Amino acid sequence: MTRFASFADLRAACLDLPSGDEEAAARVALREGSLTKPPRSLGRLEETVAWLARWQGKSPPRLEAVEILVFAGNHGVTAQGVSAYPAEVTAQMVANFAAGGAAINQLARVAEAELRVIALDLDGPTADFTVEPAMEEAEFLEAVAAGHDALSRQADLVVLGEMGIGNTTSAAAIAAALFGGGGARFAGHGTGVDEAGLKRKQAAIDAGLKRHEAALNDPPRIAAALGGRELAAILGACLAARRARIPVLIDGFVSTAAVAPLKKLRADALDHALSGHMSAEAGHRLLLQELGLKPLLDLGMRLGEGSGAAVAVLVLRAALACHTGMATFAEAHVSDKMRNR
């Protein structure tokens, strides 16, 4: 079991990160240059294979063991009327995941991925961050460790997703604390709140930022004061993946906000991660721009559950199939003059 003794201990772990395997990435690039197509004609498909190789340390990379980790948690800030649904929906949806009835179940099957759902104390929501820190230090570090330990070290790729009524409010609060602009910049309609609900959401975020102003220069403290257990677990899983050199696909707005503190601590902390998709949630585009992440897909999705990133797994499978299955110019007896097109 992983244990982080303090914020300082976690901060040190976030700063001590391994690099990728540039030789493996270079071997992928060398093969790409020999395949029967004009150079770079497959665009980002080529880039993603090199990225997989860099973080797996294998050329060619593989996608035999793909994991989707969905973390679930409840939020005390729902007391501020920030969600269109009651908190009990979180547990109901976790039961739906277990029964195989959710979108992520279908997408995981199509993506040939193992789905695991980790519920984090759903009967004990975090505190209302407009009044007190969502989590005290020990509680936050325990959730980070739960995410850290959830990752299988044998995975070729991990998708990080979430479920938690009220968590778009926490995500927007974290984003605003890290990058500025307040509730008006990052808050969106989430699960479907009306305009009055959106105003309550913005007000709750601004109240939280004011209440925890002393923590706003420290990314782990921001995540504890304004976040949720599932967001903390996503941070922990993303950190564990980097330490194990496992590539990560990040899902939508909430998952992106959950890992954003890592980037604030160390500029290259998310180099092992790609954004699976652009969420329709208002603040996601802005947050991706702040993090320098370019999503693979933009399908207008805003479900969460890891669903958008699960669809992006199919893009990675397509990229890898082209890389490993295409013939080289020499094998196909095709003139390599095509390379100059």
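Buried here means under 20% relative accessible area and exposed over 50%, with partly exposed in between (1.4 Å probe, protein chains only). The model is predicted, so local features need pLDDT of at least 70 and side-chain atom pairs count only at pLDDT 80 or more, while totals for chains, interfaces and linings use all residues. Residues are numbered from 1 along each chain as its sequence is written, and side-chain values use heavy atoms, leaving out hydrogens and water.

View 1. Helices (H or I, at least four residues) and strands (E, at least two) are DSSP runs, numbered from the N terminus.

**View 2. An open sheet of 5 strands.** The strand order is E2-E1-E3-E4-E5, with parallel pairing; two strands pair if DSSP finds at least two bridges between them. E2 and strand E5 (273-275) stand at the edges with a single partner strand each, so one side of each has no neighbour in the sheet. E1 and strand E3 (residues 157-163) run parallel and are joined by 7 bridges. Phe-71 stands opposite Glu-162 in E3.

**View 3. Surroundings of His-272.** His-272 lies in the loop between helix H12 (253-265) and E5. At 0% relative accessibility, His-272 is buried. Leaving out residues up to four places away in sequence, its contacts include Trp-51, Trp-55, Cys-238 and Arg-242.

**View 4. Packing of helix H10 (residues 219-226) on H12.** The two helices, H10 and H12, pack at an angle of about 160 degrees, and their axes are 9 Å apart. Axes are lines fitted to C-alpha atoms, for helices over the stretch in contact, and angles run from 0 to 180 degrees between N-to-C directions. Pro-219, Pro-220 and Ala-223 in H10 meet Pro-261, Lys-264 and Leu-265 in H12.

Conventions: Contact means heavy atoms within 4.5 Å.
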